[in-house]
Structures are given as structure tokens and as C-alpha cells.
Amino acid sequence: MGERTQNVQPGDIGATLEKLWGVIESRRDASPETSYTARLLQGKQDTVLKKVCEEACEVALACKDADHDHIRYEAADLVYHLLVALEYHGVTIEELAGELDARAH
């Protein structure tokens, strides 16, 4: 686990996801030497998929430990890596929102 984030304040999930999505999209053609996101997007699919699986497992383990801050930390890693996987495969955040909206009944 990385270093725990300090002084986390509540945010607007929609605005936060849109901002993060914009950053991820902008890194598609960035230098992989200077951007972790670019390394993932320009690298092998297996690397991206392994990160999604790894982070999902870490969320589950943090939940098992009932460690609130650790759950939040690992969930943020999972969401980031999931969004990278979506960008890698050309699934837009709008498509994801549409899928979720279609299920909200």
C-alpha cells in the first residue's frame, strides 16, 4: 500500500470522475517516461488488467480488515485503474454512465 492520503475532504463524485477521465484521456499520447498513465495506456493489455485485479483484491482485503481509510485509499486506486482500462479499450465515461443509468430502476 502507498502512503495514506491525509486530510481527505468530501467531494463531488461526478466532477471528480470527469476531471480524472480528462487527465487519463490527455495522457494517451504523453511520454511513458514521465507519465505512469501513459505507460499503462501504451503498454501491454495484461499490465492494465493485472492492475485492475490487484486493486480489486486490495479493496476486498481492506474491507475484510474493516479499515475505513484503507478501503477509501484502495477504492480510489481501483477506480483510477478501471478508468484506465476503459480508456485502453475505447469505452468512454459517457458509455459507462449510460450503462449505469440503464440499470438504475
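E94 sits out in the open: its relative accessible area is 56%, so it counts as exposed, where exposed means over 50%, buried under 20% and partly exposed in between (1.4 Å probe, protein chains only). The residue belongs to helix α5; helices here are DSSP runs of H or I with at least four residues, strands are runs of E with at least two, and both are numbered from the N terminus. The model is a predicted one, with local features needing pLDDT of at least 70 and side-chain atom pairs counting only at pLDDT 80 or more, while totals for chains, interfaces and linings use all residues. Residues are numbered from 1 along each chain as its sequence is written, and side-chain values use heavy atoms, with hydrogens and water left out.

E94 also takes part in a negative surface patch, together with D12, E18, E25 and E95. Two helices, α1 (13–26) and α5 (93–103), each give two or more residues to this patch. Patch members must have over 30% relative accessible area and no salt bridge, and like charges are joined within 9 Å (for nonpolar side chains, namely Val, Leu, Ile, Met, Phe, Trp and Tyr, the limit is 5 Å). A salt bridge, in turn, is a side-chain nitrogen of Lys or Arg within 4 Å of a carboxyl oxygen of Asp or Glu.

As for the overall fold, the protein chain has five helices and zero strands, so the order from the N terminus on reads simply α-α-α-α-α. The C-alpha trace spans about 40 × 40 × 25 Å along its principal axes. Of the 105 residues, 23% are buried. The chain exposes about 7,300 Å², and carbon and sulfur atoms supply 56% of that area; the areas come from the Shrake-Rupley method with a 1.4 Å probe, and for residues only the protein chains shown count as cover. Taking contacts (heavy atoms within 4.5 Å) between residues at least 6 apart in sequence, 62% join residues at least 24 apart.

On the charge side, the protein chain carries 11 positive and 20 negative charges, and their mean positions are 5 Å apart. Lys and Arg count as positive and Asp and Glu as negative, with His and the chain ends not counted; each charge is placed at NZ of Lys, CZ of Arg, CG of Asp or CD of Glu.

Y88 lies in helix α4 (residues 68–88) and is partly exposed, at a relative accessible area of 23%. Leaving aside neighbours within four places in sequence, Y88 is in contact with R28, L40, L41, G43, K44, Q45 and V48.

The loop between α1 and α2 (36–42) holds S31, which is partly exposed at 29% relative accessibility. From S31 to Q42 the C-alpha distance is 9.3 Å, for a sequence separation of eleven residues.

Most residues other than glycine have a negative phi. N7, in the segment before α1, has a positive phi near 55° and is exposed at 69% relative accessible area. A66 likewise has a positive phi, near 55°; A66 lies in the loop between α3 (45–64) and α4 and is exposed, with 64% relative accessibility.
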